[in-house]
Amino acid sequence: MATTSFESLAAGVAETLDLPDLRIVAVEHPLGGIDEAAVIGRAEEAVEPTLRLLTGS
C-alpha cells in the first residue's frame with residue numbers, strides 16, 4: 001500500500017529487494033492533513049483493488 005506520490009518508490013524498493021512482482025495498491029496522495037472522512041473514503045476505494053490483488057480475481 002502506498003499513496004500515488006510514493007507508488008514508484010515502492011516499486012523501486014520492491015525491485016531492490018528482489019521482489020519485482022510485488023503487488024502494490026496506490027491510494028490518492030496525501031493521507032496526512034485531510035479529514036477523517038476523506039481518509040475513510042480512500043480506504044474504501046482501496047478495498048476492491050486490494051482484494052483483487054490478494055485473490056487474483
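1. The protein chain holds 2 helices and 2 strands, and, read from the N terminus, these elements follow one another in the order β-α-β-α. The model is a predicted one, and the remarks below should be read with that in mind.

2. As to overall dimensions, the C-alpha trace of the protein chain spans about 35 × 25 × 10 Å along its principal axes. Of its 57 residues, 12% count as buried, while the accessible surface comes to about 4,300 Å², with 59% of that area belonging to carbon and sulfur atoms. Among contacts in the protein chain with a separation of 6 or more, 46% are made by residues 24 or more positions apart.

3. Helix 2 covers residues 36-55, and its 20 residues reach 28 Å from the first C-alpha to the last, which is close to the 28 Å expected at 1.5 Å a residue. Just after helix 2, the residue Gly-56 takes a positive phi of about 75°.

4. Which side chains meet in a salt bridge? The structure holds 1 salt bridge, and its partners are Glu-28 and Arg-42, at 3.6 Å from N to O. The pair links distant parts of the chain, given that Glu-28 sits in the loop between strand 2 (26-27) and helix 2, whereas Arg-42 belongs to helix 2, 14 residues apart.

5. Is Arg-42 buried or exposed? Arg-42 counts as buried because its relative accessible area is 12%, and buried means under 20%. Its salt-bridge partner, Glu-28, has a relative accessibility of 47% and therefore counts as partly exposed. Leaving aside neighbours within four places in sequence, Arg-42 is in contact with Val-27, Glu-28, His-29, Pro-30, Leu-31 and Ile-34, so that this list includes the salt-bridge partner Glu-28.

Technical notes
Residues numbered from 1 in each chain as written. Predicted model: local features only at pLDDT ≥ 70, side-chain atom pairs only at ≥ 80, totals over all residues. Heavy atoms only, no water. Helix = DSSP H or I, 4+ residues; strand = E, 2+ residues; numbered from the N terminus. Buried < 20%, exposed > 50% of the residue type's maximum accessible area, 1.4 Å probe, protein only. Contact = heavy atoms within 4.5 Å. Expected span 1.5 Å × (residues − 1). Areas by Shrake-Rupley, 256 points an atom, 1.4 Å probe, with all protein chains shown as cover. Salt bridge = Lys/Arg side-chain N within 4 Å of Asp/Glu carboxyl O.
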